[in-house]
Amino acid sequence: MLKLHRVHHVAIICTDYAKSKHFYTEVLGMKAVREVFRKERNSYKLDLEVGGLYQIELFSFPEPPPRPSRPEAAGLRHLAFEVDDIEVAIAEVNAHGVITEPIRVDEFTGKRFTFMADPDGLPIEFYEV
């Protein structure tokens, strides 16, 4: 039987590389591990760490198609990050002008969570652990 260890990384394609790079590194505080420009694709690739682990690949491509809907389109629904204190996390991103939804409570776990959007409208969740 196949044995998967964990999710290795998530790839995100953005429409405005500078804006998305700022969001993921300055607003969410991810550490940039490696950034390359792939001339043949006219594309940047930025590898990002979350909690000391390489987990996010941020790509830019010329004129990527838009996301069909938020967040109920087939495919990836949202990207969720664990946080220790939901209110502190919200205050941090709000200070950068990012709007968050009201805090909700997971009906099954009793844990608090909220959503916001990245610069391309990708739903991002903070989930309090």
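Reader: I'd like to start with the strands: how many bridges join S7 to S8, and do they run parallel or antiparallel?

Author: Good place to begin! Strands of a sheet pair through backbone hydrogen bonds, either parallel or antiparallel. Here S7 and S8 run antiparallel and are joined by 5 bridges; two strands pair if DSSP finds at least two bridges between them. Strands (E, at least two residues) and helices (H or I, at least four) are DSSP runs, numbered from the N terminus. Across this pairing, Met116 stands opposite Ile124 in S8.

One note before we go on: this is a predicted model, where local features need pLDDT of at least 70, side-chain atom pairs count only at pLDDT 80 or more, and totals for chains, interfaces and linings use all residues. Residues are numbered from 1 along each chain as its sequence is written, and side-chain values use heavy atoms, with hydrogens and water left out.

Reader: What is the order of the strands in the open sheet?

Author: The order is S5-S8-S7-S6, 4 strands with mixed pairing. S5 and S6 are the edge strands, each pairing on one side only. Helix H2 packs on this sheet and touches S5, S7 and S8; contact means heavy atoms within 4.5 Å. The direction of H2 makes about 15 degrees with that of S7, where axes are lines fitted to C-alpha atoms, for helices over the stretch in contact, and angles run from 0 to 180 degrees between N-to-C directions.

Reader: Which residues of H2 are buried?

Author: In H2 (residues 86-94), the buried residues are Ile86, Ala89, Ile90 and Val93. They cover an arc of only 100 degrees around the axis, which puts them on the same side of H2; the arc is that of the directions from the helix axis to the C-beta atoms. Buried means under 20% relative accessible area, exposed over 50%, partly exposed in between (1.4 Å probe, protein chains only). Besides strands S5, S7 and S8, these buried residues pack against helix H1 (17-27).

Reader: And Thr100, is that residue buried or exposed?

Author: Thr100 is buried, with a relative accessible area of 18%. Thr100 sits in the loop between H2 and strand S6. Leaving aside neighbours within four places in sequence, its contacts include Ile90 and Val93, as well as Met116.

Reader: Where does Pro64 lie?

Author: Pro64 lies in the loop between S4 and S5. Pro64 and Ile13 are 51 residues apart in sequence, yet 7.6 Å apart in space, C-alpha to C-alpha.
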